[in-house]
Amino acid sequence: MLAGYPLWTVALICVGVFVASLIDAIGGGGGLISLPVYLMVGLPAHYALGTNKLSACLGTVASTARYIKNGYVNWPLAVPSIFLAIIGSHFGARLQLAVNEKYLRYVLIVVLLIVAAVMLKKKSFPETEGKIDPRARRCIVWLSSLVIGIYDGFYGPGTGTFLLIAFCRLAKMDLRTASGNVKVVNQSSNIGALATSLMAGKVLIPIGLIAAVFAFGGQYIGAGLMMKNGTKIVTPVILTVLVLLIIKLALELAGVGF
């Protein structure tokens with residue numbers, strides 16, 4: 001037993017977290033896999049969210065550090081993005097208290113279907129930086145960080161995927177640098193959420209730390225695969241994440257949340 005849970009449940013969490021982290025390092029959206037695993041083995045919702053944040057935050061250090069080491073972070077773009085994403089996440093969380101999530105889910109399903117259609121039509125991501133006015137790129141990256149940060153605070157799943165699409169498709173960043181910037185920005189908002197959960201006592205620290213070892217491994221391998229294979233691997237992963245998110249939204253609207 002560990003923190004009151006049988007060892008087989010901890011082993012199942014570790015397997016799920018590893019797979020989720022591998023996918024997250026490539027195209028974002030790992031929480032769509034890891035969080036349901038925590039819930040499936042019987043963790044209460046708040047503890048599942050908090051413990052998932054602990055393993056995700058520590059695991060993401062691996063991919064973030066690997067992107068930074070290889071020079072795939074544009075810091076002049078990343079630093080303001082971090083602060084804007086945190087501000088957006090804060091206001092998104094406050095907005096959540098005033099607005100029914102159901103309405104956002106209806107809008108998101110339509111948006112996701114459009115995004116998936118665009119992805120299928122134009123599958124490749126840019127391996128090199130596209131031509132765009134630097135001021136326009138800064139505006140797009142920073143505005144995307146703020147808006148998607150609001151979404152992250154309000155609802156959350158798929159935040160990394162949306163950031164990656166915005167940075168590559170709209171801001172014309174190359175795939176690897178966009179991925180590095182996404183990791184830096186997303187890690188910042190994750191730390192904020194983890195701090196809140198820790199202060200509320202809603203984290204099963206022993207389970208989270210063990211799962212973090214597997215999250216670290218998944219993130220490290222996933223980042224390596226993405227840097228080596230680029231768009232060949234990221235496009236299928238993002239399409240998978242979009243499909244999972246559409247299914248999640250549909251189930252929640254039908255009253256079957258996970």
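Visitor: Which handedness does the crossing of H6 and H7 have?

Guide: A crossing is called left-handed if the near helix is turned anticlockwise from the far one by less than a right angle, and right-handed if clockwise. The crossing of H6 and H7 is right-handed. Please note that this is a predicted model, in which local features need pLDDT of at least 70 and side-chain atom pairs count only at pLDDT 80 or more, while totals for chains, interfaces and linings use all residues. Residues are numbered from 1 along each chain as its sequence is written, and side-chain values use heavy atoms, with hydrogens and water left out.

Visitor: At what angle do the axes of H6 and H7 cross, and within what distance do they come?

Guide: Two packed helices are described by the angle between their axes and by the distance between the axes. Axes here are lines fitted to C-alpha atoms, for helices over the stretch in contact, with angles from 0 to 180 degrees between N-to-C directions. Helices are DSSP runs (H or I, at least four residues), numbered from the N terminus. H6 spans residues 134-154, and its axis comes within 10 Å of that of H7, crossing at roughly 160°. H6 and H7 are therefore roughly antiparallel; the classes are under 35 degrees for roughly parallel, over 145 for roughly antiparallel, 65 to 115 for roughly perpendicular, and oblique for the rest.

Visitor: Which residues of H6 and H7 meet?

Guide: Contact means heavy atoms within 4.5 Å. From H6, Ile140, Val141, Ser144, Ser145, Ile148, Tyr151 and Asp152 meet Thr159, Phe162, Leu163, Ala166, Phe167 and Leu170 of H7. The residues of this contact comprise nine nonpolar, three polar and one charged, where Ala, Val, Leu, Ile, Met, Phe, Trp, Tyr, Cys and Pro count as nonpolar, Asp, Glu, Lys and Arg as charged, and the others, Gly among them, as polar.

Visitor: How do H7 and H8 pack, in terms of angle and distance?

Guide: H7 (residues 159-170) packs on H8 (residues 175-199) at about 140°, their axes being 9 Å apart. That angle makes H7 oblique to H8. H7 passes H8 in a right-handed crossing. On the H7 side the contact is made by Thr159, Gly160, Leu163, Leu164, Phe167 and Cys168, and on the H8 side by Leu175, Ala178, Ser179, Asn181, Val182, Val185 and Asn186. Eight of these residues are nonpolar, five are polar and none is charged.

Visitor: What is the arrangement of H8 and H9?

Guide: H8 and H9 (residues 205-229) pack at about 170°, with axes 12 Å apart. They are therefore roughly antiparallel. Leu175, Arg176, Ser179, Lys183 and Leu198 of H8 meet Ile205, Gln219, Met226, Met227, Lys228 and Asn229 of H9. Five of the residues in this contact are nonpolar, three polar and three charged.

Visitor: Is Lys183 buried or exposed?

Guide: Lys183, a residue of H8, counts as buried at 6% relative accessibility. Leaving aside residues up to four places away in sequence, Lys183 touches Asp24, Ala25, Thr60, Ser63, Thr64, Tyr67 and Gln219.

Visitor: What surrounds Leu245?

Guide: Leu245 is in H10 (residues 231-253) and is buried, at 1% relative accessibility. With residues up to four places away in sequence not counted, Leu245 touches Leu32, Leu112, Tyr151, Pro157, Gly158 and Phe162. The C-alpha atoms of Leu245 and Ile109 are separated by 8.5 Å, although the two residues are 136 residues apart along the chain.

Visitor: How many disulfides does a search of the whole structure find?

Guide: A disulfide is a covalent bond between the sulfur atoms of two cysteines. With the criterion of two cysteine sulfur atoms within 2.5 Å, the search finds zero. The closest cysteine sulfur to that of Cys57 belongs to Cys14, at 17 Å, too far for a bond. Cys139 is in no disulfide either, the nearest cysteine sulfur, that of Cys168, being 18 Å away. Cys57 is buried, with a relative accessible area of 4%, whereas Cys139 is exposed, with 52%.

Technical notes. Helix = DSSP H or I, 4+ residues; strand = E, 2+ residues; numbered from the N terminus. Buried < 20%, exposed > 50% of the residue type's maximum accessible area, 1.4 Å probe, protein only.
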